[in-house]
Amino acid sequence: MTRKLVILHIDGLSAAMLERALDAGEMPNVRRLMDMERYEMHRYRCGVPSTTPFAQAGILYGDNTDIPSFRWWDRERGVLVKFGAGSTFKKVADKYFNGCKPLTENGACIAACYPAGAKDTFGIAYQDRNYLQPGKSRSAASVLVPYLANPINLGDWLSQTARVVGRTARDLTKSESEGRHPARPYVVTDVVEEIFIHHLTRYAVEKAMREGYSPIYAGFYAFDETAHAFGPSDPAARRVLKHVDHTIGRIANARGDRYEMVVLSDHGQVDSIPFKLADVLPGQPRLTASGGLAHIYLAESGSRMDFSQVKASRPDLVDWLQARPEVAVVMAREGTQDVLFLNGSQLGAYDDETILRAQLSRLNSFDNCGDLVVFGAFRDGKQVNFEDQAGGHGSIGGEQLHPFVLARKDWKLDTSNVNGAHELHPILCDLRDTLST
């Protein structure tokens, strides 16, 4: 019997964090999948940078080349490319994914960074839409209006709003009173994600299932936003996992006998120490920060500078970076050769050295990388983060590099040799095709 496929993407949840939540009894619906339906967790490496745009492009298209972080400077077009609110990826989107075979071709891609060939692409920020034309992505109204028109949904939304606002205010007050430093901008985003976007995305998935789309891919970001705000090990983030677990259980119950389900994450999170590198850099070059990763661009146009050119023009900057205790790795390029400077710990302290060196080399081959690429250090078990975040990712080391795939044992998925999210793409495409035959 043929089966349709729904894939739930839980942003920022590492394999180790999932295991701790399961052991603590915080995710009973996932535990039920594992016990009753013989699901198992498969670890994999997302690659570097450990960011959503990079990992999700790999999962959905099998190609995340030249996506060097969450934000970068496109020298050719003179564009600051970024995702999230005010996404500018549409200005460069035509340069990407040509010739790729997307995972969700003719299916539904909900609340993801990219359309991935889907007929239904509700919630994709960058994509230009024309809602009056057939075959285009559905409008927000086609999801929002029926959602709010249902008294059960409306009541759930209003009650959840009251609970989350009150709880978040208490979490913020408690965190600050205990001497921790939550990231206030992410606290607001967390409330929006958990109250509204998460609920609406879940409804859009259920609606796509009722309409028979396959495969369906949907991103849920409440845990990642909460972990940015308070840190992934904070009780506030652990509490959100219960909310995520409720959504997984609800969609699992809605599958009927038509759909199979995969749950996966794109990267993990680590507790972090904010350090505004952009505020202290000598000479104030252009810098784009993405968690514990920063790209430094010394020329706004043209091509990437060789390290010898960087050293000749800005020796003070290179020496300054190498001396900073907040910096773990400085990376540059000389022709086709990697130039790597380590401050303190060797690469083997962050992950398997051979694998990590290959991941860094692949990132360093991207044309859109900065002339210098900087990774924050680990200090006292925390990642130095170049943004104002209590928890973060994008860099190397710790749980941020180790996400998971949750799937049935009898599918016999093997992710043991997946060292980059783009290598997960053919595995998921094979599963999609096997289920549909």
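Student: How much of the chain is buried?

Tutor: Buried residues make up 57% of the 437 residues in the chain, where buried means under 20% relative accessible area, exposed means over 50% and partly exposed is in between, with a 1.4 Å probe and protein chains only. This is a predicted model, in which local features need pLDDT of at least 70 and side-chain atom pairs count only at pLDDT 80 or more, while totals for chains, interfaces and linings use all residues. Residues are numbered from 1 along each chain as its sequence is written, and side-chain values use heavy atoms, with hydrogens and water left out.

Student: And how many helices and strands does the chain have?

Tutor: There are 13 helices and 17 strands in the chain, taken as DSSP runs numbered from the N terminus, with helices being H or I of at least four residues and strands being E of at least two.

Student: What share of the contacts comes from residues 24 or more positions apart?

Tutor: Of the contacts in the chain with a separation of 6 or more, 72% are between residues 24 or more positions apart, a contact being heavy atoms within 4.5 Å.

Student: Which residues of E6 point which way?

Tutor: From strand E6, Ile216, Ala218 and Phe220 point one way and Tyr217 and Gly219 the other, and five of the five residues in this strand, 216–220, are buried.

Student: What does E1 do with E6, parallel or antiparallel?

Tutor: Strand E1 (residues 4–10) pairs with E6 in the parallel sense over five bridges, and two strands count as paired if DSSP finds at least two bridges between them. Within that pairing, Tyr217 in E6 is the bridge partner of Ile7. Strand E5 (residues 108–110) also runs parallel to E6, joined to it by three bridges, and there Ile110 has Ala218 as its bridge partner.

Student: Then H7: is that helix mostly covered or mostly exposed?

Tutor: Helix H7 (residues 222–230) is mostly covered, with nine of its nine residues buried; among them are the charged-type names Asp224 and Glu225, along with His228 and Phe230. Just after H7, Gly231 takes a positive phi of about 105°.

Student: Switching topic, what is the strand order in the open sheet of four?

Tutor: The order is E14-E15-E8-E16, with mixed pairing. Strands E14 (378–379) and E16 (391–392) stand at the edges, each with a single partner strand, so one side of each is left without a neighbour in the sheet. Strand E8 (residues 270–274) pairs with strand E15 (residues 382–385) in the parallel sense over three bridges, and Ile273 has Val384 in E15 as its bridge partner.

Student: How many cavities are there, and what lines the largest?

Tutor: The count comes to one cavity of 30 Å³ or more, and the largest cavity has a volume of about 30 Å³. A cavity here is a set of points, on a 1 Å grid over the protein atoms alone, where a 1.4 Å probe fits but cannot get out, and lining residues have an atom within 4 Å of a point. The lining consists of Leu13, Leu18, Met27, Val30, Ile248, Val263, Phe404 and Leu406, which by class gives eight nonpolar, no polar and no charged residues.

Student: Last one, how many disulfides turn up, and where does Cys113 stand?

Tutor: A search of the whole structure finds zero disulfides, a disulfide being a pair of cysteine sulfur atoms within 2.5 Å. For Cys113, the nearest cysteine sulfur is that of Cys109, 9.0 Å away, and Cys113 counts as buried at 13% relative accessibility. Cys100 is partly exposed, with a relative accessible area of 21%.

Note on methods: 1 Å grid on protein atoms, 1.4 Å probe; cavity = no way out; pocket = protein on both sides within 12 Å on 5 of 7 lines; lining within 4 Å. Points joined across faces, edges and corners; volume = space filled by probe spheres on them.
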